[in-house]
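Colleague: I'm new to this one. Can you walk me through it?
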Amino acid sequence: MAFTPISQLIFNQNYEGIWRIDDFSLVNDRKGNPMARFSLTDSSDKLPAVFFSINENNFKQKEQFMPNGFAKVSFRYEDNANYGPQAKILSMEGVEMSEVDNLAQLIPALPDRAETMKALYQCARLIQSPGLRSLVMYVLNTYETVLVDLPAAKSMHHDVLGGWAYHTLRMARMGYYLCRVYPEVNQDLLISGVLLHDLGKLQEFSRDETGMVIDYSISGVLLSHLVIGLLMVEDILKQMEAKNLPVPTENEKLALFHMIESHHGKPEYGSAVTPKFREAMLLHYLDQIDAKVWMYDKVQDSLEAGSLSEKNVFGLDGRVWRPE
């Protein structure tokens, strides 16, 4: 049976093929029988899946996909009255990644990732402050091979290969436009803050051999990427000073640290403090805008013109409507 992407599935039909398995969880149903919940993922979308009546004949090689991995799956695509579209699994057998011949179809990834990184370098070169430009260029040069493919999140927004760089670039481009509208804004500081605000995600995530995020690291859980980012920048500045490279002034350094620490906006969202100056405030809203546009795009693209999502969308504070 030919592989059918999730975005092209038709309700009430059966499918079989190899899919990426995310967040596999083996639990018990109301009668105490084993069942599983997880997601089928490919480059086009992610689909909730449920597997009842698990037994040794229809459930094999589980170590290959618990909690993440690849499996040959047989399922029926249904529109459940309570849960919406989902895959009702009939059987699944784990496979090793080396056995997957359509890997590119299964890993969500943005195109032109190398071009996105080049654009980030261009943004860095436009920074006029010698110390800020030196710091940002040092970071990009040091971590380019990882940043080019790094997802921006485990879920929610830009959770694909190349998501970090794409999210950062769109924020930077918005920042340049804001500086045209508000010339009093310190462009060097705002753009530097944008380019460095999510640096801590390099160490916040645990990723599998495909590059996708499968969980948070211990330091990611205990510290978050905000604190990790501060520690990384502090260490990087020491490396630069040892090499006699230009570094930010004390005020620039303090401002950058505050921007990284406060970019989630409120303590209940992970920030130790709220933004205390305009560039920090703008960074927070640029982050929010780009993350939410991504989330709206995903939901609206799945809707017919004039239709409303059936349920509230987590992170968007309600149901989503597609105007056209």
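Modeller: Here is a short tour of helix packing, a pocket and some backbone details.

Modeller: This is a predicted model, so to speak of local features we need pLDDT of at least 70, side-chain atom pairs count only at pLDDT 80 or more, and totals for chains, interfaces and linings use all residues. Residues are numbered from 1 along each chain as its sequence is written, and side-chain values use heavy atoms, with hydrogens and water left out.

Colleague: At what angle do helix 4 and helix 5 cross?

Modeller: Roughly 165 degrees, and the axes of helix 4 (residues 163-181) and helix 5 come within 9 Å. Helices are DSSP runs of H or I, at least four residues, and strands are runs of E, at least two, numbered from the N terminus. Axes are lines fitted to C-alpha atoms, for helices over the stretch in contact, and angles run from 0 to 180 degrees between N-to-C directions.

Colleague: Why are helix 4 and helix 5 called roughly antiparallel?

Modeller: Angles over 145 degrees count as roughly antiparallel, under 35 as roughly parallel, 65 to 115 as roughly perpendicular and the rest as oblique. Helix 4 and helix 5 are therefore roughly antiparallel to each other. The contact (heavy atoms within 4.5 Å) includes Trp-164 and Met-171 of helix 4 and Leu-190 and Val-194 of helix 5.

Colleague: And how do helix 5 and helix 9 cross?

Modeller: At roughly 40 degrees, with the axes of helix 5 (residues 187-196) and helix 9 (residues 278-301) coming within 9 Å. Helix 5 and helix 9 are therefore oblique to each other. Leu-189, Leu-190, Gly-193 and Val-194 of helix 5 meet Glu-279, Leu-282, Leu-283 and Leu-286 of helix 9.

Colleague: New topic. What volume has the second largest pocket?

Modeller: About 880 Å³. On a 1 Å grid over the protein atoms alone, a pocket is an open set of points where a 1.4 Å probe fits, with protein on both sides within 12 Å along at least five of seven lines; lining residues have an atom within 4 Å of a point. Grid points are joined across faces, edges and corners, and the volume is the space filled by probe spheres set on them.

Colleague: Which residues are closest to its centre?

Modeller: Met-156, His-157, His-264, Tyr-269 and Gln-288, out of 30 lining residues. Helix 9 gives the most to the lining, with eight residues.

Colleague: Which peptide bond is cis?

Modeller: The one from Met-66 to Pro-67, with omega near 5 degrees. Pro-67 sits in the loop between strand 4 (59-60) and strand 5 (69-80).
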